[in-house]
Amino acid sequence: MNEDQFEREKLYQATMNMFQGMLKAGVITEEQYAIIDTKMLEKYRPLLGTLFSENACYVSSLE
């Protein structure tokens with residue numbers, strides 16, 4: 001993993017951690033979380049993040 005890939009991974013993980021907290025607190029719904037996750041996967045293109053995301057299949061079909 002090069003420096004750019006690491007930075008994208010870090011930003012994706014930090015962003016999704018914040019939204020996971022919002023989901024657990026009831027601030028956003030599961031549907032909103034799925035939309036956000038898909039958009040963040042498209043934006044950051046993390047290498048490892050796609051392994052943990054339930055929405056990774058949607059991004060793969062967009063490529």
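Helices (H or I, at least four residues) and strands (E, at least two) are taken as DSSP runs and numbered from the N terminus. On this basis the protein chain has four helices and zero strands, and its elements run α-α-α-α from the N terminus on. The model is a predicted one, in which local features need pLDDT of at least 70 and side-chain atom pairs count only at pLDDT 80 or more, while totals for chains, interfaces and linings use all residues. Residues are numbered from 1 along each chain as its sequence is written, and side-chain values use heavy atoms, with hydrogens and water left out.

Of the 63 residues in the protein chain, 30% are buried (buried means under 20% relative accessible area, exposed over 50%, and partly exposed in between, with a 1.4 Å probe and protein chains only). The chain exposes about 4500 Å², and carbon and sulfur atoms supply 56% of that area (Shrake-Rupley method, 1.4 Å probe). Contact is defined as heavy atoms within 4.5 Å. Among contacts between residues at least 6 apart in sequence, 42% join residues at least 24 apart.

Two packed helices are described by the angle between their axes and the distance between the axes. For helix H1 (residues 3-24) and helix H2 (residues 30-44), the axes come within 10 Å and cross at roughly 170°. Axes are lines fitted to C-alpha atoms, for helices over the stretch in contact, and angles run from 0 to 180 degrees between N-to-C directions. H1 and H2 are therefore roughly antiparallel to each other (angles over 145 degrees count as roughly antiparallel, under 35 as roughly parallel, 65 to 115 as roughly perpendicular and the rest as oblique). On the H1 side the contact is made by Arg8, Leu11, Tyr12, Thr15, Met16, Phe19, Gln20 and Leu23, and on the H2 side by Glu30, Tyr33, Ile36, Asp37, Met40, Leu41 and Tyr44. These residues divide into 10 nonpolar, two polar and three charged (Ala, Val, Leu, Ile, Met, Phe, Trp, Tyr, Cys and Pro count as nonpolar, Asp, Glu, Lys and Arg as charged, and the others, Gly among them, as polar).

The largest nonpolar core consists of nine residues, namely Tyr12, Met16, Phe19, Ile28, Tyr33, Ile36, Met40, Leu41 and Tyr44. Such a core is a set of buried Ala, Val, Leu, Ile, Met, Phe, Trp, Tyr and Cys residues joined through side-chain atoms within 4.5 Å. H1 and H2 are the elements that give two or more residues to this core, and H2 gives the most, with five. Leaving aside residues up to four places away in sequence, isoleucine 36 touches Met16, Phe19 and Ile28.

Threonine 15, in helix H1, counts as buried at 15% relative accessibility. Apart from residues up to four places away in sequence, threonine 15 touches Met40 and Tyr44. Its C-alpha atom is separated by 9.2 Å from that of aspartate 37, 22 residues apart along the chain. Glutamine 20 also has its place in helix H1, but is partly exposed because its relative accessibility is 33%. Glutamine 20 and aspartate 37 are 17 residues apart in sequence and 9.8 Å apart in space, C-alpha to C-alpha.

Arginine 45 lies in the loop between H2 and helix H3 (49-52). Most residues other than glycine have a negative phi. Arginine 45, although not a glycine, has a positive phi of about 45°. Arginine 45 is partly exposed, with a relative accessible area of 33%.
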